[in-house]
Amino acid sequence: MLTWGGRGAPARPPGAGAPRRASPPLPTTARRRVPLVAGLGLTVALVVAAIAPATAALRVGPGAECPPEQHDCSVWDDDPGTPGGPGGGGDNGDGGDSGGGGGTAKCQWNGRPVKCYDDLLGWFDNGTGCYAKPLESPPTPAPEGKEWYLLTCNGGDLGAQRPELLDGPPPGYGAPPDPEELARRALASIRLLPPRIAVAPRRANGPGLVGLPVWMWAQRDPDDGAKNYFGPLHARASDRGLTVSIEAKVDRVLWNMGNGETVPCDGPGTPYTVNGPYAGKPSPDCGYDSGYAKAGTYTVSATTHWTVRWWTGDGVEGDPITQTRTSGTASIQINELQVVTR
């Protein structure tokens, strides 16, 4: 990655002829940098080739300088971006959807997902918002063809219970376990964490240049459990003899580059290292290879797209549930390359 930053030796020592690159010693700070190339001619060729599409108006000359306030063109070893929040909603119990996508819970009250069956309350009916179960101690014997039920209404509010004499079971009563609800209940038992992103170059460590590639990657923090960031994660839930198993994993990462463009990546990407085999080149698997067309400061974020597969104990598989988690942000400052002609 070609960026500029730091306060090394002047780019043009007094009395020098054509401009040349100063070679200051490597600093000992956490922001490691190494010169991208040693020879000026190779530097000019690399920079001009990389930025030609974006800066066609610049004339190629025998020398190139960084801007006056920056005295060397270097590669930075970057640090992580700002950690993300819960990423579009945390894990939601009661079978609800979280983090965007995935359909709607089968049983709801006032937009709030509730269990379709409760061991204490019985079966839920969306139409009335009541749970129903046979009343154990009816106030009077039930007439022929009728039966007493205990109704718990207002979505299961225990303060809204009442006995009711009905001609037959209320709607929803006696329904078997809903396997999708169990899948969502299993999903609520695991943590899908938002990605922790990093980019190179990054504004805190020095600006990058127009037209040069940008690296993006998502880190996996071992302290939080690496699988919680990309999977696969497994869980199961059971109810009245039915067991549902799930597998959750990320199938793509969508990067918002802060300029109206997005970049999809199949995985977390490769961290940039100054001494790696791809130093100064585009990322092998997750990068903004064309770079930014204009100078400016850009705010980058990433969203992981999870797919949750689920199946019952007898091997029947249901429709996948989708989830998203969105990262915090990282800033990139992009400046123009100064080309000097003689």
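Rings of Phe, Tyr and Trp (its six-membered ring) pair if their centres lie within 6.5 Å; planes under 30 degrees apart count as stacked, over 60 as edge-to-face and the rest as tilted. With that rule in hand, ring pairs link Tyr-117, Trp-123, Tyr-149 and Tyr-173 into a cluster. Please keep in mind that this is a predicted model, in which local features need pLDDT of at least 70 and side-chain atom pairs count only at pLDDT 80 or more, while totals for chains, interfaces and linings use all residues. Residues are numbered from 1 along each chain as its sequence is written, and side-chain values use heavy atoms, with hydrogens and water left out.

**The five-stranded sheet**

- Strands S7-S8-S9-S10-S11, in that order, make up an open sheet with antiparallel pairing; helices (H or I, at least four residues) and strands (E, at least two) are DSSP runs, numbered from the N terminus.
- At the edges you will find strand S7 (117-118) and strand S11 (161-166), each of which pairs on one side only.
- Strand S9 (residues 130-134) and strand S10 (residues 147-152) are antiparallel partners over four bridges, and two strands pair if DSSP finds at least two bridges between them.
- Here Lys-133 stands opposite Leu-150 in S10.

**Aromatic rings**

- The structure holds seven aromatic pairs.
- One of them joins Tyr-149 and Tyr-173 edge-to-face, at 5.4 Å centre to centre and with 75° between the planes.
- This pair links distant parts of the chain, with Tyr-149 in strand S10 and Tyr-173 in the loop between S11 and helix H2 (179-187), 24 residues apart.
- Tyr-149 is buried, at a relative accessible area of 1%, whereas Tyr-173 is partly exposed at 26%; buried means under 20% relative accessible area, exposed over 50%, partly exposed in between (1.4 Å probe, protein chains only).
- Tyr-288 and Tyr-292 also form an edge-to-face pair, 5.1 Å centre to centre with 75° between the planes.
- Tyr-288 is buried at 6% relative accessible area, and Tyr-292 is buried at 1%.
- Back at the cluster member Tyr-117, the charged end of Arg-240 sits over the ring, 3.7 Å from its centre; the rule asks for NZ of Lys or CZ of Arg within 6 Å of the ring centre and within 35 degrees of the ring normal.

**A residue to look at: Thr-152**

- Thr-152 belongs to strand S10 and is buried, at 1% relative accessibility.
- Its side chain makes a polar contact of 2.9 Å with the side chain of Gln-161 (a pair of N or O atoms within 3.5 Å; within protein, one must be able to donate a hydrogen and the other to accept it, and residues adjacent in sequence count only if both atoms are side-chain atoms).
- Leaving aside neighbours within four places in sequence, Thr-152 is in contact (heavy atoms within 4.5 Å) with residues including Leu-121, Tyr-131 and Asp-157.

**Disulfides**

- There are three disulfides, each being a pair of cysteine sulfur atoms within 2.5 Å.
- Cys-107 and Cys-116 have their sulfur atoms 2.0 Å apart, and their link is right-handed, with 115° about the S-S bond.
- Cys-130 and Cys-153, with sulfur atoms 1.9 Å apart, are both buried.
- Their link brings together Cys-130 in strand S9 and Cys-153 in the loop between S10 and S11, 23 residues apart.
- Cys-265 is joined to Cys-286, S to S 2.1 Å, and the torsion about this S-S bond is about 85°, so the disulfide is right-handed.
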